[in-house]
Amino acid sequence: MTAASERSVDVLIVGGGPTGLAMGMELRSRGVDFVIVESGDGTVTHPKVSGIGPRSMELFRRWGVAEKIRQSGWPGDHSLDCAWVTKIGGHELHRVRGFTMDTRPDYDHTPEPDAICPQHWLAPLLYAELGIAPAGPILTRTRLCLLYTSDAADDMQCVDLGGRRIIKK
């Protein structure tokens, strides 16, 4: 490993999912030097989250991306009904009628209501906001390989398929 391929950071975040990206947004807002290592390429093929609660949206507002999230989610007239069916396209057993994002009542308990933005739309937005290396702190196709912990320091080594390496000392 050459000195040019090494980098020291204050915080190493392992995983570029919703929690890792949110941690990156918070650290950036506080001026902390960090890197996110993500073993995948950042693509979300099957979303694991859709609704973003009011408290999370308050954080996204503080980080300056709440409106972008609202614009990236379902259209305002998209139904938020919940239906039970025998199979996709099959017989509907029961439906709980909901509102749309445009017609639901205002929240009295928060200035920032929830949003519907599935992870396969949210992740690219946050990746673009933070930036992928070399322009940004997200290293895709990178894994944490070694972790040494002692009383003196924590040393970590991450390696990707392209040979980039970072060390936290």
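Student: What follows helix 2?
Tutor: Gly64, whose phi is positive, near 85 degrees. Helices (H or I, at least four residues) and strands (E, at least two) are DSSP runs, numbered from the N terminus. This is a predicted model, where local features need pLDDT of at least 70, side-chain atom pairs count only at pLDDT 80 or more, and totals for chains, interfaces and linings use all residues. Residues are numbered from 1 along each chain as its sequence is written, and side-chain values use heavy atoms, leaving out hydrogens and water.

Student: Which residues of helix 2 are buried?
Tutor: In helix 2 (residues 54–62), they are Pro54, Met57 and Phe60. Buried means under 20% relative accessible area, exposed over 50%, partly exposed in between (1.4 Å probe, protein chains only).

Student: What covers them?
Tutor: The cover includes strand 3 (51–52), helix 3 (66–72), strand 6 (115–116) and helix 4 (119–130).

Student: Switching to the largest nonpolar core, which members touch the most others?
Tutor: Phe60, Ile69 and Leu126, out of 23 residues. Such a core is a set of buried Ala, Val, Leu, Ile, Met, Phe, Trp, Tyr and Cys residues joined through side-chain atoms within 4.5 Å.

Student: Which element gives the largest share of this core?
Tutor: Helix 4, with 6 residues.

Student: And what is Ile69 in contact with?
Tutor: Leaving aside neighbours within four places in sequence, its contacts (heavy atoms within 4.5 Å) include Met57, Phe60 and Leu122.

Student: Last one: where does Val14 lie, and why does Val14 count as exposed?
Tutor: Val14 lies in strand 1 (residues 11–14). Val14 counts as exposed because its relative accessibility is 52%.
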